[in-house]
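Please have a look at the sequence and the structure before I go on.

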Amino acid sequence: MTKKKESILTLEKEDDKMIRKLAWRSMIGSGTYNYENMQGLVFLYAMIPVINRYYRDKEDRIAAYERHFTLFNITPAFYGFVTGLAASMEKIASEDENFDISSIGAIKSSLMGPLSGIGDSIFWGALKVVATGVGVQFALQGNVLGPILYFLINFIPGMMAKLWLPRISFKFGIGFLEKMEANGTLALITKLCNIVGLLTIGAMATTMVKFNFISEWNVEGNVLNLQNVIDSILPKMLPVGLTLIMFKYLNKNVKPIVLMLILLVLCTLGSYFGIL
């Protein structure tokens, strides 16, 4: 009897079953997108089969649920790469009590920016433009292949990435991470990933949070724009400051909906009086 040839997509039976579940759950991607943790709920949903398999104690499972129910945002096609890698790290963590659990969150955060940059360029930039060009040429001729080809050129590569990337990252992640853990490299990688993750979150605060003063005052014939003065001292100071204040109150267990309502009221009043 000939032995089945292994490939980068070949996994053991139980691992194969788990990764298939993880891959299909990861496809929901932005289905529960929100401004509190973005794709975080889907990430947790995808990781449930992994957590339930590797952790028997209720407390360990709850801790794993909590560390994966955090802010996460990435190009949907690359979603499975991170969930597959996280699954390999959870497997190691369940077997090695000395494994640094914080490295899981650090690597997740550090991969969001780089992989999104690559994924957006491929799937939103190049691929969608090619699909549109091909589809439009057929559609202009009244050919039904126009919308069909547009759909297939977008769909097939994305589906292949969503099904294959979790397998690849899980299979190679285990051996790679075990070697790094043994020689101490993982600790250094974790530290660097924490730095990159913090930079990513900081950049998101400056680009996604909008907080500006629009009011102007006439001072001895000169127009004083408060926002310009603040930007000349430290650009994006207000969005970062607001983010840090929200983070402080979240750490004090203030509900996100309460903070959102407070911001809604303050912004409404600020807009009405011409301040914000």
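This is a predicted model: local features need pLDDT of at least 70, side-chain atom pairs count only at pLDDT 80 or more; totals for chains, interfaces and linings use all residues.

**The largest pocket**

The largest pocket holds about 2,000 Å³ of space, where a volume is the space filled by probe spheres set on grid points that are joined across faces, edges and corners. A pocket here is an open set of points on a 1 Å grid over the protein atoms alone, where a 1.4 Å probe fits, with protein on both sides within 12 Å along at least five of seven lines, and lining residues have an atom within 4 Å of a point.

Residues are numbered from 1 along each chain as its sequence is written, and side-chain values use heavy atoms, with hydrogens and water left out.

Coming back to the lining of this pocket, 44 residues contribute to it, and Y35, E36, L71, T243 and L250 lie nearest its centre. Of the lining residues, 29 are nonpolar, 11 polar and four charged, with Ala, Val, Leu, Ile, Met, Phe, Trp, Tyr, Cys and Pro counted as nonpolar, Asp, Glu, Lys and Arg as charged, and the others, Gly among them, as polar. Helix α7 gives the largest share of the lining, nine residues.

As for the fold, the protein has 10 helices and two strands, these being DSSP runs numbered from the N terminus (H or I, at least four residues, for helices; E, at least two, for strands).

Now to the aromatic residues: how many aromatic pairs does a search of the whole structure find? There are six, a pair being rings of Phe, Tyr or Trp (its six-membered ring) with centres within 6.5 Å, called stacked if the planes are under 30 degrees apart, edge-to-face if over 60, and tilted otherwise. F78 and F123 have ring centres 6.0 Å apart and planes at 85 degrees, so this pair is edge-to-face. Because F78 sits in the loop between α3 and α4 while F123 belongs to helix α5, the pair ties together parts that are 45 residues apart in sequence. Both F78 and F123 are buried, that is, under 20% relative accessible area, with over 50% called exposed and anything in between partly exposed (1.4 Å probe, protein chains only).

F151 and F155, by contrast, form a stacked pair, 5.1 Å centre to centre with 15 degrees between the planes, and both lie in helix α6, four residues apart. F151 is partly exposed at 48% relative accessibility, and F155 is partly exposed at 37%.
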